[in-house]
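Please keep the sequence and the model in view while reading.

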Amino acid sequence: MNTPAATVPPARRLTTSAMIASIAEEGQRTTKAPFGHALNRLAEERPDVVGLSADLAKYTDMHIFRDAHPERFFQMGMAEQAMLGAAAGLAEVGLTPFASTYSVFATRRAYDFLCLDIAEPGLNVNVVGALPGLTTGYGPSHQATEDLAILRGMPGLTIVDPADSVDIEQAVPALAAHPGPTYTRLLRGAVPTVLDEYDYRFRLGRAAGLRGGRDVLFISTGLMTVRALSAAKELERDHIDVAVLHVPTIKPFDSDTVVREAAKGRLVVTLENHTLVGGLAESVASSLAYAQTTARIVPIGLPDAFLAAGALPTLHDRYGLSVAAIKERVRREL
Amino acid sequence: MTSTPSTVLGAAPPAQEHTTRQERIRALRDSAYRIRMHALNMGEVQGQGYIGQALGVADVLAVVYKDVLDHRPDEPDWPERDRLLLSIGHYAIALYAALAEAGVLDTEELATYGSDDSRLPMSGMATYTPGMEISGGSLGHGLGIATGMALGLRYRGSDARVYNLLSDGELDEGSTWEAALACAHHRLDNVTAIVDVNALQADGPTAGVLRTEPVTAKWEAFGWHAIRVDGNDVDALVTAFDSLREHRGSPSVLICDTKVGRGVPMLETREKAHFMRVEEHEWQIAREQLTQNHEAGRADGPDGRSDATEGKGPAA
């Protein structure tokens, strides 16, 4: 029943609208479902590519592949353990599966299946996890803030955290070409398109310098690279010269490049959409320590806590992942 | 509880076929005897182990490897092979025995069982052993992998079939039922689950750990074509597998009631039977009992009549 227009408009509150929340910022260029379309293009060339979903095809951009190649898409229902087991079975008979679900379910729930069915036999199964880190306001049930920490210990697993649609589009064929298992943190829906402005090619296992700078070195991964680039541009106005090193592959980690860049005497700021426990910051720190190199590291990432539910922009501000929060942190630390 | 296979059992087969079937059953019983003997010999290497399960499942494995699977012993990776996935990695001792019986492994290699640098680790590993399709020590994995293999084989137009040997204890694992749903949903009639119901798991009798019965009704409710047999009755196993191969439109499950320690009376009655310790002097006694038992069975006649006296019916 309609109520008469309220005389006092309610204070505008951001709402969670979590499952469709976009990580794109106002006015940013985006590309729709880059993973789904990249998988389709790959499937045209490779008849061995198959797709699986655990009742989340629509929410992992897998529906693009499902609709184009229904005979090669296998719906497993809301059963992540069976999906990863089945992906292993498909790989065992010579196919190249991409299995998508949310990151929390692939990692927390189906870990044993990813580990023993896929990683131990070294199968070419590509697990694609949507909603990595803090990319939904649904709260801890859906926020995979520790997926990198969980998976880094798994022998033989390649872990990729792409920055934008360009990165995803280039990563998909590289993942299929890589003989072993992979886990990719998926940005889905309307995904920012940024890296086409830079001289960038995705290379599995390799970090890429996106811009140079004398004062600060941002070492970033995943969606935080896009934020790092924005922050670096804006900090120019304050005469702070920031370099950005994008690390799309978390494992194997490109320690050589990271150590070489971090040893140049700049303030090192790591940026990751992940808890500071066991992710990028610790990978950088251990790389430097093992190389007997030191640098001052300011780690930007999520706290060691179960995060709040709420609207994504609010949460990114609160937990320090927004461009404004990054700039503020850099100014404070310099 | 035992449902009747859909093939016609009542009609007397023609005389020649009768002879052939007699020979077939006799050969399979001999094969099961050798699998048991191999298992005892391997068990002696370690002094303990999952001997009871190996003796219990030997008849099933004899029928599977000598009568059911389309495979090539000297080409274990032949792409068109039927696959048997051993979910229950701790039954590896039984599978090694069966692989030796099938000609995939050399019998002499069985003596390395569970030793350093052996290809035969105590828990089955696909990367170690020819003919071992999966590493199945963590339970509840086999049927999920079978689902993917079956989907993939069907997609590729292969007629190969996927068998998954799992245990009744494995029915505790939710992932088994996830996969059971998926197999039925996708109408994977190239999948056959074989459930070894020995009614015993690590913490004690299955009925006390986590009740799984009624097993047949559960599979049927999940959309599977289910047959339940005495898993130590070779004749019944042959009939059941023959019937299952004809079934179309849904996945099949063969529920096999087996007896832990079967064929060695001394071990059949042992109380701590899940992970069995056998004293040094007992191995020879066990082998003698096994041989006596087998010869007594042969004396009863190879035509299947002996099952009436040999089998005690479903163990559960």
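The notes below take the basis of the model, then the interface, then the sheet.

## Basis

This is a predicted model, in which local features need pLDDT of at least 70 and side-chain atom pairs count only at pLDDT 80 or more, whereas totals for chains, interfaces and linings use all residues. Residues are numbered from 1 along each chain as its sequence is written, chains are lettered from A in the order in which they are written, and side-chain values use heavy atoms, with hydrogens and water left out.

## Interface of chains A and B

Chain B places 23 residues in contact with 25 residues of chain A (contact: heavy atoms within 4.5 Å). The area buried between them is about 1,900 Å², with 63% from carbon and sulfur atoms; buried area is the accessible area (1.4 Å probe) that two parts lose on being put together, summed over both. His141(B), Tyr155(B) and Glu178(B) supply 31% of the area that chain B buries against chain A, more than any other three residues.

On the chain B side, the largest share, nine residues, comes from α4(B), helices being DSSP runs (H or I) of at least four residues and strands runs (E) of at least two, numbered from the N terminus.

## Sheet of chain B

Five strands of chain B form an open, parallel sheet in the order β2-β3-β4-β8-β7, where two strands pair if DSSP finds at least two bridges between them. Because β2 (83-86) and β7 (225-230) of chain B each have a single partner strand, one side of each is left without a neighbour in the sheet.
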